[in-house]
Every structure is written in C-alpha cells, then in structure tokens.
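This briefing describes a single protein chain by topic, for reading beside the sequence and the structure. Please have both at hand.

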Amino acid sequence: MDEGAAPLLEVRGVGVRFSGIIALDALSFSVSAGQVCGLIGPNGAGKTTLFNVVSRLYEPTAGSVRFDGRDLLRLPPHRIVAAGITRTFQNLALFPSMSVLENVMVGAHSTARGSWVTAPLRLGIGREEARLRQAALDVLEEVGLASYALHPAGGLPYGTLKRIEVARALVAGPKLLLLDEPASGLTSEEVAELAELLRALGARRGLTLLLVEHHMQMVMGTCDKVVVLNFGRKLAEGTPQQVSGDPAVIEAYLGAST
C-alpha cells in the first residue's frame, strides 16, 4: 500500500436525500489501494446507502465519487463490475437449486468476452464457458470450497454460503470489493476464519476491501482504518484502536455514555 499514491476510492461531500430525509450528509473519506476499510455505525447511519452510491444503485444529490482516477458517477450501473468494483449483499442472493460452481459462475459471466455479434451465433461459446468454469473453480479453491463445487447451494451451512458469495464477487477480478455485513449470522469461530480469509485475499490479490460491519471482532481483526457514521454524517475516522477509544463513538455507537 503506497501511502503517497492517490486514493483508489475517494468520496467527497456526498449527500443523499429521500423525500426530504437526509441519508448521507456531506460525507467525505478515501480508501487507498490495498487497504481494508471498515464502515461502521448504528442502524440507519447511512452505511448501505453509501454502498449503493458506490455501486451506482443510488444517485447522490450532492458530492463526487472517484474510483481509480475516474469519475464513478459518470458510469452506468452495468459498467461498475467492468470498472473493477464488485459487492456482496447483507441478505444472501444465491440460487439454492444451482450448484456452488454455477453460483460462482454467475459472477464470472460479467467478464465474458462475447459480444452482441457472436452471442446469437454461439461463436466460441464452448471455449468461453470453459474459461469461466475454470475461473470459478480457481476462486473456489482459493476460498477453500473446491470440494463443494458440484453440491447444490441450498442446505449448506450459513458460513459456507457467505464464502460462496465472496467467491462469486471475487471471480470477476475486482480492484475494490464491497462487503455488506459479511460477519452477520456467523459464530465467533466463523468470524475469525472469515477475517483471516479476507486479510489473506487482500494481501495475495492486492485487493482493496470496504466493509459495512457491526461485528467489532471482525472490524478490529480485519480493518486498517475505520470510518464511523452517525445520522448520515462522518463521526470519526482512524485506526480501529483510535475509533474504539473515541468518546463520541463510544457514546453514539458502542453504547456507553461519556
């Protein structure tokens, strides 16, 4: 991580309003390439709203977002994956009747090399499917799920399903991975294992991670920096140790009074 380099993701003065309700208010922060950044705060603080702005599901009413030197807000939603951003969702969005491999291949299809000319003629479809299948198998190996490749996703343990969703997001080869509450519903042991996996993936791939998370064990064990939101505004920013000791954060988020 080059501290002197320009940020990979730069959020400046972003505001979002819904029918007069302020969801984000002049939010600014940046994430460097290779960094693991946590976005925390009480329910309704605006964390998922920010994710939806970065993934172009929401249009901000103010501010700018730059990614890898580009104006992200000029990109349509369907170009976000190709630009290098993928995400997981708070509620799992897997297909239970499909195999684990097929679920991961759904993420790989965003990198397909076919075009509107070749697709109707099915030119090179076999080779392309083989490429996508191998890419999905490689990612499953990387997250420790190769043995589940042909198993239907339905009925697998919740912690395994979380890893499958991470694999599906990884297979497109992102520069920035957005993780929406990856530790929710996991046991303490599963949280520790997932934190270790994410750190390893980040180091091995040079991947930048931005995660929304309530589980402080995950935040403390994974993040290089933390941004704290409260009522749509930035309350604090710093290392996990710095923000966990901040009196304003303790009062607003961690539940103690100063």
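In helix α1, the buried residues are K47, T49, L50, F51, N52, V53 and V54. Seven of the eight residues of α1 are thus buried, so the helix is largely enclosed by the rest of the structure. The model is a predicted one. Its chain contains 10 helices and 10 strands.

**Overall composition**

- Of the 258 residues in the chain, 45% are buried.
- Among contacts in the chain with a separation of 6 or more, 68% are between residues 24 or more positions apart.

**Helix α1 and the residue after it**

- The burial of α1 takes in K47 and T49 as well as L50, F51, V53 and V54.
- Just after α1, R56 adopts a positive phi of about 70°.

**The aromatic pair**

- One aromatic pair is present in the structure.
- The ring centres of F18 and Y58 are 5.3 Å apart and the planes stand at 75°, so the pair is edge-to-face; the cut-off for that class is an angle over 60 degrees.
- F18 belongs to strand β1 (residues 9-18), while Y58 sits in the loop between α1 (47-54) and β4 (62-67), so the pair ties together parts that are 40 residues apart in sequence.
- F18 is partly exposed, at 35% relative accessibility, and Y58 is also partly exposed, at 30%.

**Packing of α3 against α6**

- Helix α3 (residues 100-108) and helix α6 (residues 158-170) have axes that come within 7 Å and cross at roughly 35°.
- The crossing of these two helices, α3 and α6, is right-handed.
- On the α3 side the contact is made by V100, N103, V104, V106 and G107, and on the α6 side by I164, A167 and R168.
- Helix α3 is mostly covered, with seven of its nine residues buried.
- The buried residues of α3 are V100, L101, N103, V104, M105, G107 and A108.

**The loop residue A146**

- A146 lies in the loop between α5 (125-142) and α6.
- With a relative accessibility of 34%, A146 is partly exposed.
- Between A146 and L101, which are 45 residues apart along the chain, the C-alpha separation is 8.6 Å.
- Once neighbours within four places in sequence are set aside, A146 is in contact with L140 and E141.

**Cysteines**

- How many disulfides does the structure contain? The count is zero.

- S19 has a phi near 50°, a positive value in a residue other than glycine.
- S19 is located in the loop between β1 and β2 (21-31).
- Is S19 buried or exposed? At 82% relative accessibility, S19 is exposed.
- E181 likewise has a phi near 50°, which is positive although the residue is not glycine.
- E181 is placed in the loop between β7 (176-180) and α7 (188-205).
- E181 counts as buried, because its relative accessibility is 11% and the limit for burial is under 20%.

**Helix α10**

- V249 is part of helix α10 (residues 247-254).
- The relative accessible area of V249 is 1%, so V249 is buried.
- V249 and A236 are separated by 13 residues in sequence and by 7.1 Å in space, taken from C-alpha to C-alpha.

Notes:
Residues are numbered from 1 along each chain as its sequence is written. This is a predicted model: local features need pLDDT of at least 70, side-chain atom pairs count only at pLDDT 80 or more; totals for chains, interfaces and linings use all residues. Side-chain values use heavy atoms; hydrogens and water are left out. Rings of Phe, Tyr and Trp (its six-membered ring) pair if their centres lie within 6.5 Å; planes under 30 degrees apart count as stacked, over 60 as edge-to-face and the rest as tilted. Helices (H or I, at least four residues) and strands (E, at least two) are DSSP runs, numbered from the N terminus. Buried means under 20% relative accessible area, exposed over 50%, partly exposed in between (1.4 Å probe, protein chains only). A disulfide is a pair of cysteine sulfur atoms within 2.5 Å. Axes are lines fitted to C-alpha atoms, for helices over the stretch in contact, and angles run from 0 to 180 degrees between N-to-C directions. A crossing is left-handed if the near helix is turned anticlockwise from the far one by less than a right angle, and right-handed if clockwise. Contact means heavy atoms within 4.5 Å.
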